[in-house]
Amino acid sequence: MNILSLFVLIPVLMLAGLWLAKSLNQVRGVMVAGSTALLALSIWLTIYFIQQRAGGNTDVMLLTASTPWFKPLNIAYSVGVDGISVVMLLLSSIIVFTGTFASWQLKPLTKEYFLWFTLLSTGVYGFFICTDMFTMFMFYEVALIPMYLLIGVWGSGAKEYAAMKLTLMLMGGSALLIIGILGIYFFSGATTMNVNEIAALHNIPVDMQKVFFPFIFIGFGVLGALFPFHTWSPDGHASAPTAVSMLHAGVLMKLGGYGCFRVAMYLLPEAAQQLSWIFLILTTISVVYGALSACVQTDLKYINAYSSVSHCGLVLFALLMMTKTACTGAILQMLSHGLMTALFFALIGMIYGRTHTRDVRRLGGLMKIMPFLAVGYVLAGLANLGLPFFSGFVAEMTIFVGSFENPDLFHRVCTVVACTSVVITAVYILRLVGKILYGEVSDPHYLKLTDATWDERVAVACLIFCVGGLGTFPFWASNVITDAVIPILNNINM
């Protein structure tokens with residue numbers, strides 16, 4: 001068995017263990033054991049990948065394997081990883097591990113909650129290891145479906161509305177995807193649905209590429225919060241339970257950017273070049289609109305949700321610039337934003353669990369009451385606004401430098417407009433931190449509240465370590481990512 005299949009097998013075994021668990025401690029034990037195993041596996045895979053590259057292995061994909069699944073349409077269970085897949089698997093494992101501890105005290109229906117949470121993570125892992133378009137799409141759907149119940153049952157606020165809106169919009173994107181995937185398959189003349197093999201043929205007519213590129217890019221872009229298809233995201237984030245928000249914003253939204261780059265731009269390169277200006281305008285709007293919208297929100301989750309629209313828009317923006325530096329920055333941004341937003345949502349959930357409000361106007365002086373959570377929130381905010389030595393700075397600077405490498409006026413104007421989001425982000429982050437953490441305690445009842453418990457400290461400390469570690473030592477990640485970006489860009493620019 002290919003070792004990459006463990007990323008699917010371990011969650012499946014976790015599902016079986018959760019199903020058989022008879023007590024809360026057994027449920028927690030299964031989650032900790034499984035998430036720890038996945039984290040260890042992803043760390044091993046990252047080290048192995050770096051060693052292979054250092055040893056001179058220049059294969060585009062490593063650990064490849066393929067097993068026929070449905071021969072009439074040449075569908076196979078094909079797996080393989082490059083640098084982009086490796087860092088996405090590492091990100092997913094970190095979020096699943098920390099999300100387990102962030103949900104430690106969740107009640108009621110803890111067992112059922114973790115069953116759906118694990119099924120969602122199964123889809124995410126399967127999507128990142130697969131190289132067959134149809135199998136990728138299947139795991140993509142597996143990752144989306146549990147969101148409805150996780151939000152609708154364990155969420156808060158207008159959870160039924162948010163769950164239904166999210167599901168309908170993402171399923172609409174899925175409908176576009178299946179049309180685009182079948183179009184690529186039939187017009188490529190390929191005898192396989194393997195992404196790399198179709199890309200090597202490079203024989204899809206340009207007219208057909210122009211037809212199917214919007215289907216694929218918008219289909220994945222809906223999940224990546226592409227304007228104006230982003231409206232499901234703030235409502236979904238605001239209503240989701242803490243760990244689901246972490247996994248949703250931290251990992252699930254990254255499937256959108258990954259799919260746009262790996263499928264839409266890689267397999268339809270001429271269309272990507274000719275139509276990129278349209279989507280570049282939309283992503284520029286996403287970046288600035290998301291930041292401005294975050295400024296006027298009063299709910300902590302909505303602030304972070306609109307911030308995610310801005311930061312995920314920056315991912316698609318950089319990919320459409322189609323330079324090596326910008327695309328490397330886009331993947332770094334996926335990794336950085338995944339860690340930062342998971343940290344934010346974890347802290348927001350912990351604060352809400354104590355104060356029972358997310359309204360900024362009702363919060364104040366929390367630094368005196370819960371210093372550990374408050375310091376964590378300050379660090380998350382500094383990372384989000386791009387302070388040096390945090391992951392956000394590395395990712396955003398790489399994106400803007402790479403985007404400005406384009407010599408034409410249009411791309412440079414878009415870059416300058418997108419850069420304004422950095423200033424806007426600093427405004428709402430600093431104002432938010434000052435309002436809720438410092439000054440007088442806004443409610444006397446808050447004085448009775450306690451700081452983070454041990455399980456919450458584990459989740460927060462791990463995420464802070466990763467955000468700071470990536471910002472301080474980014475080159476291992478950027479080198480791994482660049483090696484994977486170059487073959488895709490070569491196919492686009494050939």
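**View 1. Overall fold and dimensions of the protein.** The protein has 20 helices and two strands, where helices (H or I, at least four residues) and strands (E, at least two) are DSSP runs numbered from the N terminus. Its C-alpha atoms fill a box of roughly 70 × 60 × 45 Å along the principal axes. Of the contacts between residues at least 6 apart in sequence, 81% join residues at least 24 apart, a contact being heavy atoms within 4.5 Å.

**View 2. Burial in the protein.** Buried residues make up 62% of the 494 residues; buried means under 20% relative accessible area, exposed over 50%, and partly exposed in between, with a 1.4 Å probe and protein chains only.

View 3. Cys130 counts as buried because its relative accessibility is 3%.

View 4. With a relative accessibility of 0%, Cys327 counts as buried. For the sulfur of Cys327 the closest cysteine sulfur is also in Cys260, at 12 Å and too far for a bond. The structure holds zero disulfides, a disulfide being a pair of cysteine sulfur atoms within 2.5 Å.

**Notes on the views.** Residues are numbered from 1 along each chain as its sequence is written, and side-chain values use heavy atoms, with hydrogens and water left out. In this predicted model, local features need pLDDT of at least 70 and side-chain atom pairs count only at pLDDT 80 or more, whereas totals for chains, interfaces and linings use all residues.
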